[in-house]
Amino acid sequence: MSDELFQVTHTKIQSFTRCRKQYWFSYVSGLDWPPSRDTPAAIVGKGVHRAMRVLCETGYPEDAEHELDVYMRMPKHELTGPGTEYHRLAFELLANGVAAHESIVSEDRYAELNTWVRSASRGITVRAAIDRADRLDAGHWLIIDWKTGRFDLDEIVDAQLDIGHLALRTSRKLQNDTRVTAIGWNLRSGVQRVRELTRDDAKKTVDYLANLAARLRTTEEFPATPGPQCTFCDWRDRCEEANDLERVELTWLDDDWERGAEPF
Ligand code: SF4
């Protein structure tokens with residue numbers, strides 16, 4: 001991978017869109033990243049994703065349950081330990097995940113594909129992580145991004161699936177006419193966000209990402225956009241704008257905004 005290529009990820013794009021100051025902190029400033037906030041919702045999400053990876057690897061629910069059990073019992077995860085509502089929630093989500101797994105009939109499957117797509121002509125490298133990929137048959141693949149929150153924003157799920165599709169198509173060298181069904185599958189609500197994607201869609205995705213990368217590369221102003229997103233921002237302690245808002249007690253956390261701020 002050449003250092004000259006601009007690295008694009010779903011998270012990077014979302015950060016730029018959400019709050020340019022957050023983007024600056026994370027990708028421009030050169031500051032060391034603060035540790036991620038271990039909120040109960042984040043612990044549940046990570047634990048369930050780990051368990052779903054194990055389930056995909058072995059196919060045995062008991063392996064997945066053991067993975068989740070040990071993770072939730074770790075001393076640093078006492079907020080979500082046995083007896084808490086979050087612990088019960090995690091195992092409910094895993095039970096839904098087991099049912100989802102058993103509903104998929106495929107020739108072969110891959111857990112947590114972590115890969116990149118390099119396009120020297122466009123000057124970008126696209127990094128993507130896919131929770132699960134299944135070869136349904138020779139001409140049809142399935143990719144899944146597991147969701148564990150209360151709800152998902154459709155356009156963000158779509159963008160994530162499109163990048164995952166691009167990564168799968170490239171890393172597995174899929175034939176031009178191979179179809180890919182991409183699903184954002186919420187293990188809490190059961191909602192499935194489904195996209196049917198083709199090779200042409202992948203080309204359009206990489207063109208879009210290259211155009212967006214050109215904009216990210218040349219942006220020089222990074223104003224803060226304080227709002228619900230600050231709740232989960234790892235940089236919040238160092239962000240004057242967010243802390244100023246807290247001091248003057250603006251009541252921006254009304255019902256509608258809370259919904260966007262706290263997806264878990
Ligand atoms: S705390 Fe809020 S305003 Fe500050 S960088 Fe993070 S998201 Fe942006």
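The structure is a predicted model, in which local features need pLDDT of at least 70, side-chain atom pairs count only at pLDDT 80 or more, and totals for chains, interfaces and linings use all residues. Residues are numbered from 1 along each chain as its sequence is written.

Helix H4 (residues 61-72) packs with helix H5 (residues 85-102) at an angle of about 160°, and their axes sit 11 Å apart. That makes the pair roughly antiparallel (angles over 145 degrees count as such). Helices here are DSSP runs of H or I with at least four residues, numbered from the N terminus. H4 passes H5 in a right-handed crossing. On the H4 side, Pro61, Ala64, Glu65, Leu68 and Met72 make the contact, and H5 answers with His87, Ala90, Phe91, Leu94 and Val98 (contact puts C-beta atoms, placed from the backbone, within 7 Å). By class, that gives eight nonpolar, one polar and one charged residues.

Turning to the ligand, there are 15 residues around it, and Cys19, Cys230, Cys233, Cys239 and Ala242 come nearest (a residue counts as near if its C-beta atom, placed from the backbone, lies within 6 Å). Domain 1 (1-33 + 106-218) and domain 3 (231-261) each provide at least three residues of the shell; the domain bounds come from an automatic or database domain assignment. Sorted by class, the shell has nine nonpolar, three polar and three charged residues.

How values were computed
Axes are lines fitted to C-alpha atoms, for helices over the stretch in contact, and angles run from 0 to 180 degrees between N-to-C directions. Helices (H or I, at least four residues) and strands (E, at least two) are DSSP runs, numbered from the N terminus. Angles under 35 degrees count as roughly parallel, over 145 as roughly antiparallel, 65 to 115 as roughly perpendicular and the rest as oblique. A crossing is left-handed if the near helix is turned anticlockwise from the far one by less than a right angle, and right-handed if clockwise. Two residues are in contact if their C-beta atoms, placed from the backbone, lie within 7 Å. Ala, Val, Leu, Ile, Met, Phe, Trp, Tyr, Cys and Pro count as nonpolar, Asp, Glu, Lys and Arg as charged, and the others, Gly among them, as polar.
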